[in-house]
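Please have the sequence and the structure open while reading.

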Amino acid sequence: MKLSPDDTIFWSNGFININLTIVTTWGLMLVMVIGAWLITRKLQTGIKISRWQTILEMIVLSISSQVKEVGMDKPRRYIPFIGTLFLFIGIANLCIIFPGYEPPTGSLSTTTALAISVFLAVPFFGIEEGGLRGYLKTYLEPTWLMLPFNLIGEFTRTLALAVRLFGNIMSGGMIVAILLSIAPFIFPVLMDVLGLLTGIVQAYIFSVLATVYIAGAVQARKSKQKT
């Protein structure tokens with residue numbers, strides 16, 4: 001039994017491997033780029049808009065509302081990053097309805113890359129909001145003695161973000177494979193529905209946690225400016 005799409009290798013030369021995770025990830029990114037271009041090329045502002053534009057507006061408004069609820073008053077600044085994370089993870093997980101498909105989020109390399117992007121986005125938005133000096137000072141709060149603990153916290157939450165998503169998707173795939181081997185005519189539909197629900201929930205959790213981490217870096221500076 002394969003534990004990850006990384007185990008399916010199409011081409012290898014030294015330490016360079018082209019595996020199923022890379023192929024699927026680039027395929028999904030290509031589909032998302034083409035889909036975004038097709039949907040947004042004829043945007044309308046009137047009452048009558050296309051069905052796809054309606055779906056897109058619902059997704060953007062939902063993400064904007066979620067970002068506001070976390071406490072950030074300028075959601076438009078964060079929607080491109082948070083929205084891309086949610087859509088990529090969500091679409092990657094929803095495509096399990098296609099036979100033979102293995103989600104790239106079932107690979108620790110993919111979830112680690114997503115977590116690293118969040119790890120880099122936190123100081124980026126934090127520095128953009130309060131400057132480099134102001135952001136670095138947040139590591140000395142509430143006292144300079146907390147510096148090592150704040151640094152360890154940054155790394156451990158990034159690791160937890162990667163392992164949480166990988167563990168949930170990988171374990172879900174293993175359970176489906178085991179149940180299908182036991183009763184292939186009973187569980188497929190039920191497990192597919194459960195997999196779709198789990199995939200959306202995991203995309204939501206990952207994007208919300210990323211929003212909370214970014215909000216922590218941005219709000220810490222704002223709170224200090226008010227006091």
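## Overall architecture

The model is predicted. Its chain contains 6 helices and 2 strands, and the order along the sequence is β-β-α-α-α-α-α-α. Taken along the principal axes, the box filled by the C-alpha atoms is roughly 65 × 50 × 35 Å.

Of the 227 residues in the chain, 31% are buried. Among contacts between residues at least 6 apart in sequence, 68% join residues at least 24 apart.

## Annotated transmembrane regions

An unreviewed UniProt entry carries the annotation "transmembrane region" for residues 20-39, 78-101, 107-127, 165-187 and 193-218. In the model, residues 20-39 are 100% helix and 0% strand. The C-alpha atoms at the ends of the stretch 20-39 are 28 Å apart.

For residues 107-127, the chain is 95% helix and 0% strand. Here the end C-alpha atoms are separated by 31 Å.

## Packing of H3 and H4

Helix H3 covers residues 79-94 and helix H4 covers residues 108-137. Their axes come within 12 Å and cross at roughly 170 degrees. With the cut-off for this class at over 145 degrees, H3 and H4 are therefore roughly antiparallel to each other.

Which residues of H3 and H4 meet? On the H3 side they are Phe81, Leu85, Phe88 and Ile89. On the H4 side they are Thr110, Leu114, Ser117, Val118, Ala121 and Phe125. By class, this contact of H3 with H4 comprises 8 nonpolar residues, 2 polar residues and no charged residues.

## Aromatic rings

The structure has 5 aromatic pairs. One of them joins Tyr135 and Tyr139 in an edge-to-face arrangement, with 5.4 Å from centre to centre and 90 degrees between the planes. Tyr135 counts as buried because its relative accessibility is 6%, under the 20% limit. Tyr139 also counts as buried, at 13% relative accessibility.

Ring pairs also link Tyr78, Phe81, Phe124 and Phe125 into a cluster. Two members of this cluster, Phe81 and Phe125, also take part in the contact of H3 with H4.

## Buried residues in helices

Asn93 is part of helix H3 and counts as buried, at 2% relative accessibility. Neighbours within four places in sequence aside, Asn93 is in contact with Pro103, Thr105, Ile169, Gly199 and Gln202.

Gly199, listed among the contacts of Asn93, is found in helix H6, residues 188-226. It is buried as well, with 2% relative accessibility. The C-alpha atoms of Gly199 and Pro123 are 28 Å apart in space, and the two residues are 76 apart in sequence.

Glu154 is placed in helix H5, residues 147-182. Is Glu154 buried or exposed? At 13% relative accessibility, Glu154 counts as buried. Leaving aside neighbours within four places in sequence, Glu154 is in contact with Phe119, Tyr135 and Tyr139. Tyr135 and Tyr139 are the partners of the edge-to-face pair described above.

Lys48 lies in the loop that runs between helix H1 (20-40) and helix H2 (51-70). Lys48 is classed as exposed because its relative accessible area is 75%, over the 50% limit. From C-alpha to C-alpha, Lys48 and Arg77 are 28 Å apart, with a sequence separation of 29 residues.

Ile9 belongs to strand S1, residues 9-13. Its relative accessible area is 47%, so Ile9 is partly exposed, a class that lies between the 20% and 50% limits. Beyond neighbours within four places in sequence, the contacts of Ile9 are with Asn17, Ile18 and Asn19. Ile9 and Leu194 are 185 residues apart along the chain, and their C-alpha atoms are separated by 28 Å.

Conventions: Residues numbered from 1 in each chain as written. Predicted model: local features only at pLDDT ≥ 70, side-chain atom pairs only at ≥ 80, totals over all residues. Heavy atoms only, no water. Helix = DSSP H or I, 4+ residues; strand = E, 2+ residues; numbered from the N terminus. Buried < 20%, exposed > 50% of the residue type's maximum accessible area, 1.4 Å probe, protein only. Axes fitted to C-alpha atoms, helices over the stretch in contact; angles between N-to-C directions. Parallel < 35°, antiparallel > 145°, perpendicular 65-115°, else oblique. Contact = heavy atoms within 4.5 Å. Nonpolar A, V, L, I, M, F, W, Y, C, P; charged D, E, K, R; others polar. UniProt positions renumbered as here; feature names shortened; annotations may be inferred. Phe/Tyr/Trp six-rings, centres within 6.5 Å; stacked < 30°, edge-to-face > 60°.
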